[in-house]
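Here is a short briefing for a reader who is new to this structure. Look at the sequence and the fold first, then read on.

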Amino acid sequence: MYHSQQQVDVKKQLRFRAWLFFLLLPVMVVVSFAFIFPNTFFSLSTSFYFNNIQNTFSEAVLERDDPNLTLEKDAIDQQQIQLTYSHKVKSGETLADIFKLYGLNNDDLLSMIKVRPQAIPLLNGQVVEWKQDGSGRLLSMQIHRSVRLSSSYIKEKNQFVFKPLLTTSETKLSIVEGRVGRNFYQSARAIGLTRDQIQTIATALYWQVDVTSPVTIGDKFAIELEQNIIGDETVGLGKVMAIRYQHRGNDIQVMRFNDGHFYYANGMSVEKSLDRLPLQRSYPVSSEFNPHRLNPVTHQYAPHYGTDLATPIGTAVYATGDGVVKKVGDHPLAGKYIVISHGRVYSTHFFHLSQSLVKVGDKIKRGQKIALTGNTGRSTGPHLHYELRQNGQPIDAMLAPLPTQKMIPASQRHEFIRQIKVRMSALYI
Ligand SMILES: [Zn+2]
């Protein structure tokens, strides 16, 4: 009798454990999913948050070009009426995805589709190139389908005009040389370089020499340009292929590789890496990047140029790349904020902080602790507003491709080093 009672107890206990296991199973699945796929998990939770207006609009709408929260334009940027951007298409990516990543207006996409729907589908590896004006408006877009064929959409009087572009595979290299007089921009213009070419050169050289700085007076430079030829005529503005620049005894040499990026003579890229997140781990996204957001209740335009990360007050914030602190301040809406410039192209913006650990002019390294998060300014809960800009244009910091400092693959490095020696000897100055 005693024996069988014990058996019943054991059975009961086993049944209880089985129930407990089945009850806890879904919890365990969710937790392990969150651990294995933190990004997917948090973007899923984002869509949940999205239905919650309180969370989606956790801060006041900030002006896109508020001079306190954005960078001043340097001497070259001031001359730019339009800026060129490009994106290499990844497998499965659509034009709508690219519009979303770079904050382009969907109305433009719709009018492009209206004009020529056949040209909209993209293939893996194709390059989309476009121009925007200073306030972010799309001016033209080209989809490079192959070496020779491009689809071109150009905006004329608020309407897009479609043109297929055929380029010959025949190209010609030419060299221009100059010496910096009053400033690099004027001297480069004087020898016939375009605004776009000057922007490209300034960006490629930036981490060695800032050509907008007055210390460049007297510097010498030689540029190799590649132009397409149709018949006897050269067409297009010419692509900058190689640069040799002498600054105070420093001989800087960079050349474009077949991936479109510039590299130094040792095979290292001129770009520096940017990290995805300014935090040590993922936090839920409480409001996504969406510069064309409409408030579903008021139906008012409520753009959001950054990503809101639901961080508890006092969470450490880390610089996502090497750079210089350009702004630290207190703003009635953005609260305590920091703006960092990472070279000529990218800048990062951090709002609603409780404390800044850096000051204006500080040179900082990627991964350096720069601030603590908070709930300052007009914000309805503790969070970090993190914003990434490319040439002053806000882009999706969570999804846009980020620059990486990389070496040319070992298999191709030897040939690149040999090539750059040959080409630089022609750029002897
Ligand atoms: Zn925000």
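The points below go from the whole chain to single residues.

This is a predicted model, in which local features need pLDDT of at least 70, side-chain atom pairs count only at pLDDT 80 or more, and totals for chains, interfaces and linings use all residues. Residues are numbered from 1 along each chain as its sequence is written. The chain has eight helices and 20 strands. Helices (H or I, at least four residues) and strands (E, at least two) are DSSP runs, numbered from the N terminus.

**Confidence and overall build**

- The average pLDDT of the chain is 88, and 86% of the residues score at least 70. pLDDT is the predictor's confidence in each residue, from 0 to 100.
- Over residues 35-55, pLDDT stays under 50. The model has 20 contacts beyond four places in sequence for this stretch. Two residues are in contact if their C-beta atoms, placed from the backbone, lie within 7 Å.
- Of the 429 residues in the chain, 29% are buried. Buried takes 20 or more other C-beta atoms within 10 Å of a residue's own, exposed takes 12 or fewer, and partly exposed lies in between, with C-beta atoms placed from the backbone.
- Among contacts with a separation of 6 or more, 64% join residues 24 or more positions apart.

**Nonpolar cores**

- The largest nonpolar core has 42 residues. Such a core is a set of buried Ala, Val, Leu, Ile, Met, Phe, Trp, Tyr and Cys residues joined through C-beta atoms within 7 Å.
- Elements that each supply at least two residues of this core include α5 (106-115), β3 (138-144) and β16 (346-356).
- Met-141 is among the residues with the most contacts inside this core. Beyond its neighbours within four places in sequence, Met-141 is in contact with Val-128, Trp-130 and Tyr-153.
- A second, separate core has 27 residues, including Tyr-185 and Tyr-263.

**The five-stranded open sheet**

- The strand order is β1-β2-β3-β4-β5, with antiparallel pairing. Two strands pair if DSSP finds at least two bridges between them.
- The edge strands are β1 (82-88) and β5 (159-166), and each pairs on one side only.
- Seven bridges join β1 and β2. His-87 stands opposite Val-128 in β2.
- α5 packs on the sheet and touches β3, β4 (149-156) and β5. The direction of α5 makes about 60° with that of β5. Axes are lines fitted to C-alpha atoms, for helices over the stretch in contact, and angles run from 0 to 180 degrees between N-to-C directions.

**β16 and its partners**

- Nine of the eleven residues of β16 are buried.
- β15 and β16 pair in the antiparallel sense over six bridges. The bridge partner of His-342 in β16 is Tyr-346.
- Three residues lie between the strands of this hairpin, where Gly-343 takes a positive phi near 85°.
- β16 and β19 run antiparallel, joined by six bridges. Phe-351 stands opposite His-385 in β19.
- β16 also pairs with β18 in the antiparallel sense, over three bridges.

**Two loop residues**

- Ala-319 sits in the loop between β13 (316-318) and β14 (323-331). Ala-319 is buried because 25 other C-beta atoms lie within 10 Å. Beyond four places in sequence, the residues that Ala-319 touches include Ile-340, Ile-364 and Ile-370.
- Arg-248 sits in the loop between β8 (233-247) and β9 (250-256). Arg-248 counts as exposed because it has 9 C-beta neighbours inside 10 Å.
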